[in-house]
Structures are given as structure tokens and as C-alpha cells.
There are 2 protein chains.
Amino acid sequence: MFRPQIKVFDCTIRDGGLINNHDFSYDFVRAVYKALSAAGVDYIELGYKNSSRLFSNKEYGPWKFCSDEDILRVTEGIESHSKISVMVDVDRVDMEEVKSASESPVDMVRVAAYVKDIDKAIFLANNFAAKGYETTINIMAISRDQGPELDEALRQIGEESKVLAVYIVDSFGALYQEQVEYLVKKFKTYLKDKEVGFHGHNNQQLAFGNTIEAIIHDANFLDGTVYGIGRAAGNCPLELLIGFLKNPKFNIRAVLDLISKEFIPLREKIEWGYIIPYAIAGMMNQHPKAAMALRNSESKENYREFYESLVDVEMD
Amino acid sequence: MFRPQIKVFDCTIRDGGLINNHDFSYDFVRAVYKALSAAGVDYIELGYKNSSRLFSNKEYGPWKFCSDEDILRVTEGIESHSKISVMVDVDRVDMEEVKSASESPVDMVRVAAYVKDIDKAIFLANNFAAKGYETTINIMAISRDQGPELDEALRQIGEESKVLAVYIVDSFGALYQEQVEYLVKKFKTYLKDKEVGFHGHNNQQLAFGNTIEAIIHDANFLDGTVYGIGRAAGNCPLELLIGFLKNPKFNIRAVLDLISKEFIPLREKIEWGYIIPYAIAGMMNQHPKAAMALRNSESKENYREFYESLVDVEMD
């Protein structure tokens with residue numbers, strides 16, 4: 001699949017940071033940035049830009065805040081054609097802290113929001129756009145939010161925002177291919193002059209397959225993470241995505257080295273991937289938080305009891 | 001997805017046996033058979049029916065041979081509506097050893113063959129059908145064999161055999177959705193009165209997604225294995241497939257218990273699943289044997305060197 005419009009968007013450090021309170025070492029982030037730059041990835045997302053007044057830097061590592069200084073510390077001196085991205089949540093940014101794009105190492109700001117918060121998301125994205133940043137809006141938990149409010153949100157984004165792309169975010173890892181096809185087509189109906197993005201979660205081992213499905217229907221912003229790292233079941237493995245895309249600008253070798261050297265040892269320390277409670281949560285279209293709690297308990301392998309507990313939630 | 005024609009075909013013991021020389025204990029196989037019967041799986045495949053004159057029972061466990069006695073030992077006394085299957089390879093069966101279906105616990109015999117051996121496969125399948133068995137032909141390594149010989153093989157199977165279904169077997173885990181769609185449609189063109197089956201391998205985490213794709217295009221025989229066990233990267237996880245199919249005859253609870261009790265401990269002892277060298281072999285449409293050798297060597301995590309070695313093979 002060679003389509004020059006396709007952008008490969010790595011969110012290893014950002015989504016991976018949800019497992020370890022965004023506390024990757026500077027050396028680790030620098031190694032990731034270097035390898036992904038060599039791999040030719042279009043965007044590298046390093047974390048969230050949260051207000052330092054809302055969260056303590058004693059509780060969270062640097063990639064919860066992504067100060068320009070910290071970003072420069074892991075990127076300076078490395079040859080790269082990759083753009084740098086940060087993610088923001090509505091109500092958690094302090095725009096006063098944000099310099100204009102021309103004074104910052106950041107190129108792209110992605111606004112994550114639920115459908116109900118879409119007005120706030122548009123406002124925030126337009127604010128960043130006014131400061132010169134590229135922007136996207138990423139609609140989270142979309143498997144639960146496919147009613148008429150979604151249509152209205154898409155219409156509004158199309159008319160009122162300057163974002164480059166709008167993402168389908170399968171936060172619960174619940175979508176199957178047919179739903180991805182339906183959603184990409186719907187997004188494209190409302191967003192004539194914008195790109196569609198896809199961010200999968202791998203609860204049911206469908207993050208990569210669903211990303212391919214999104215590509216088939218003309219989504220061009222594609223998220224992946226190295227070795228699929230990410231909260232709970234993790235994301236679409238970047239190495240598979242690069243293997244699938246035939247664009248010669250990508251080079252998988254640097255990613256393979258990075259996995260050997262950094263991610264195999266890391267996976268011994270923190271957990272993500274195909275784990276049955278996350279699969280169950282995905283099948284049931286539920287947030288992974290109950291499964292994450294289970295994995296931190298003594299009943300971590302007690303799948304059936306966990307299944308029954310989610311069935312009970314559904315029945316409530 | 002509820003379609004009454006769909007048959008869920010478990011090959012946990014058969015494909016899993018490729019990792020451990022078919023040497024699962026009787027207790028283990030009995031536990032699997034019991035749980036899958038309770039789960040409502042349509043077929044349970046217990047191994048290969050190889051001639052005991054060709055292979056030594058000192059080198060291989062009982063599920064390389066699947067004698068009727070061994071099958072009865074693990075199934076007797078268990079309430080089950082599941083049919084029992086065995087697999088055969090061309091040139092490895094001794095038909096003299098095979099009783100008629102009415103005297104055997106086996107219901108189904110699946111003949112695995114490459115396109116080049118399709119005449120032998122038809123001959124063998126017809127022999128088993130004459131003895132009263134249900135039969136399928138499973139076309140292996142199909143990602144390498146999509147030329148006009150495949151069309152000819154399908155035409156022959158359609159005209160000359162009595163099989164219930166013909167399988168697309170993605171032995172190398174190399175197929176993407178679009179190829180699955182293409183193949184299922186091609187198979188249906190030639191096999192008007194037969195079902196199409198799909199057996200995925202999970203090298204690129206696409207076994208489940210490709211199985212869904214096959215379902216969308218009307219394949220009705222669907223292979224899976226518990227927790228995805230199987231040679232190298234393994235297969236489509238049965239628990240995900242059952243979670244996807246909405247037919248109330250399936251019950252996922254028994255499978256979840258089985259994974260907790262038997263497969264989590266087993267996975268500590270033998271390896272299968274998403275492992276980078278298998279992913280690389282899948283991307284390159286190659287047999288996993290080189291990757292399996294790597295995993296048994298000291299360079300098991302040396303992915304880049306392995307990648308280069310496969311690139312060299314491609315260039316030869």
C-alpha cells in the first residue's frame with residue numbers, strides 16, 4: 001500500500017506513558033526519538049501538555065507536561081525529519097504556558113476529547129492553530145458514542161475548526177472491521193477538506209487489522225507504537241504498520257533494533273499486550289480500568305469471575 | 001455476527017502439538033476436550049493421523065498418531081455435542097490402519113496439502129469419505145500459491161471430491177484482509193456446493209481480523225485455538241472468535257476457565273504468540289522455520305540481523 005498522503009504517527013512515549021505515569025528516562029526517550037527519526041516516521045508524540053498547576057511533577061514524570069526544555073533535551077543533536085507532537089485534554093491545558101509554534105520544538109498538538117466535549121475541543125484546537133501549531137481532534141471512546149451527537153460533532157468540526165485531521169479513537173478496543181469502515185466513511189462525509197485518522201487499541205488483537213481497514217477506506221493519519229506499547233492491551237504495533245506500508249521512505253531496521261535493545265527489557269518490567277481481561281473488556285465495549293485493577297490484584301488470572309463482573313455491569 | 005451455517009473448528013491440540021511433538025498429556029487433552037465441549041465448539045481436532053510405520057512413538061507423543069484408543073481415553077464419559085477431527089498429510093497415512101467411521105470416534109478428517117499435491121489430496125479425501133468420514137481439504141501456504149495452479153486445483157476439488165469444505169490456510173501469516181477477500185471470493189466461484197474455511201496464523205496479529213474478513217465474505221468453517229496456541233506465532237484465538245460470533249450456542253466461560261487453569265501455566269513452558277522474528281517472516285511471506293531456529297539460539301532477540309538474513313534469501 002503506497003499512498004503518499006499517508007502519515008505514520010508514533011505515540012510510543014505518549015500512550016506508553018499511561019502505564020508508567022509518563023516517567024520514561026531522558027535516555028530512553030532520546031533512544032526512541034533517534035530510532036523513529038531514522039525509521040522515517042512522520043510524527044513522534046512525546047506526551048501530554050498538561051498544566052503544571054493541575055498535576056504535580058512529584059507524582060508524574062516529565063512526559064505528562066512536555067515542557068519545551070524537556071523536549072529539546074531528548075531531541076537536540078539528532079538528525080530528524082519527523083515532526084514532534086504533544087497531546088492535550090480539554091480543561092487541562094494552561095494556554096498562558098504555551099509559546100507560539102515558531103518558538104517551540106513542538107509542531108503538532110492533538111486535542112483528545114469525548115463527543116460531549118467537542119465544543120471545548122474545537123475552541124482549544126483553534127487556540128493552538130492561532131499560535132501556529134498543526135492540530136487534530138481525536139474523538140475518544142467512539143465505540144460508545146456513535147449516535148446523532150457524533151454526526152453533529154463532526155459537522156461542527158468540519159465547519160468551525162482548522163484541524164488537519166480528525167481521529168477515530170477506539171479507546172476500548174471494541175471495534176470490528178465493519179464498524180471501522182462505517183466510521184471512516186461517516187467521517188469523510190462530514191470532513192471534506194480534512195484527513196481522517198485512526199488510533200486503535202489492541203484488546204482483541206485488532207488494532208493493526210482495523211488500521212488496515214481504515215487505510216482501505218482512505219484514512220491517512222495512522223497511529224502506532226513500538227512493539228504495541230500502550231495502556232492496557234496497547235496499540236497498533238508500529239513495526240507491523242511500517243512493514244505493511246510499501247512507502248520506501250520508511251525503514252523498519254531502526255525499529256527492530258529499538259525493540260531488541262529497549263522494548264524487550266522494558267516489557268519485563270511493565271505489562272501491556274494481549275491479556276485476557278483486556279480482551280474481555282474490549283468484547284464488552286467497556287473501559288479497561290476494571291481490567292487494569294484486576295491485573296494489579298491477586299485475582300489477576302481469574303478471568304471467569306472478571307467476565308461475570310462485567311456481565312453484571314452490563315445488566316445494571 | 002449470527003449465521004447458523006458457521007462452524008467453529010478448534011485445533012488447539014493439533015496445531016499446538018506442532019510446538020511440543022504432539023506430546024500433550026492425556027489429562028491436559030481431556031481438560032481441553034471437556035471445556036471446548038462445554039463451550040459448544042462444533043469440531044475439536046486432536047492431532048494428526050500419521051502412519052505409525054513412518055514415525056516413532058518414542059520421538060512423538062500420541063497426538064501425532066491419534067489412535068482410536070487414545071482418542072477414547074480423553075473423550076469417554078464427557079458429555080459433548082462436538083465432533084472429533086483429525087488431520088492427515090498426503091503420503092503419511094496408512095489407509096489399512098483406518099477403520100470405517102462407524103467404528104471410530106473420529107467424525108471428520110481434514111487433508112492438508114500444497115497446491116502441487118492436490119491430486120493426492122483429492123484421492124485421500126475421497127478414500128476417507130468412502131469410509132464414511134466427513135472431509136475437508138486444507139490448502140497450505142496459499143500466500144505463495146495464488147497462480148493459475150490454484151484455480152485449477154479448486155476446479156478439480158469442486159468436480160472430483162466430496163469434501164464439505166475447502167480451507168484457505170495462511171501458513172506463513174502473510175495475508176492481509178484484501179487478499180483474504182480475494183481468495184474467499186475465488187474459492188466460492190469454484191466451489192458452489194462446498195463451504196469455504198479459513199485457518200489463519202498470527203505472525204502479524206491478523207489471524208482474528210482475517211478470520212472476520214473471511215466471515216464477511218461468507219466463509220463458514222473457522223479455525224481457532226485456545227489462547228492462540230499453535231506453531232510459531234500461533235493461530236486465531238478461539239476466545240476472540242467466540243466473543244465475536246453472537247450465536248448463543250457458544251459459551252465463552254468454559255474457555256476462559258481453561259485459559260486461566262491450563263494455558264497461562266503452559267505458556268510459561270512453551271513459546272508461541274507475537275514474537276518479532278515470526279512477524280518478520282510473515283511480512284516477508286516466508287515459512288517460520290528460520291525464525292523458529294532463531295528462537296532456539298542465543299541470538300533469539302537479534303531481530304535486525306534476522307531481518308537482513310531474510311532479505312538476503314529474497315535476493316537470492
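Helix α4 (residues 118-130) of chain B lies across β3 (83-89), β4 (108-113) and β5 (134-139) of chain B. α4(B) runs at about 170 degrees to β4(B). Angles run from 0 to 180 degrees between N-to-C directions, with axes fitted as lines to C-alpha atoms, for helices over the stretch in contact. The model is predicted: local features need pLDDT of at least 70, side-chain atom pairs count only at pLDDT 80 or more, and totals for chains, interfaces and linings use all residues. Residues are numbered from 1 along each chain as its sequence is written, and chains are lettered from A in the order in which they are written.

- Helices (H or I, at least four residues) and strands (E, at least two) are DSSP runs, numbered from the N terminus.

**Barrel of chain B**
- Eight strands form a closed barrel, β1-β2-β3-β4-β5-β6-β7-β8, with parallel pairing.
- Strands pair if DSSP finds at least two bridges between them.
- From one strand to the next, the twist averages 25 degrees.
- β1 (residues 7-10) and β2 (residues 43-48) of chain B run parallel, joined by two bridges.
- B:Asp10 has B:Ile44 in β2(B) as its bridge partner.

**Interface**
- In chain A, 31 residues are in contact with 31 residues of chain B (C-beta atoms, placed from the backbone, within 7 Å).
- α9(A) gives the largest share of the side of chain A that touches chain B, six residues.
- That side of chain A divides into 17 nonpolar, seven polar and seven charged residues.
- Ala, Val, Leu, Ile, Met, Phe, Trp, Tyr, Cys and Pro count as nonpolar, Asp, Glu, Lys and Arg as charged, and the others, Gly among them, as polar.

Definitions and conventions. Two residues are in contact if their C-beta atoms, placed from the backbone, lie within 7 Å.
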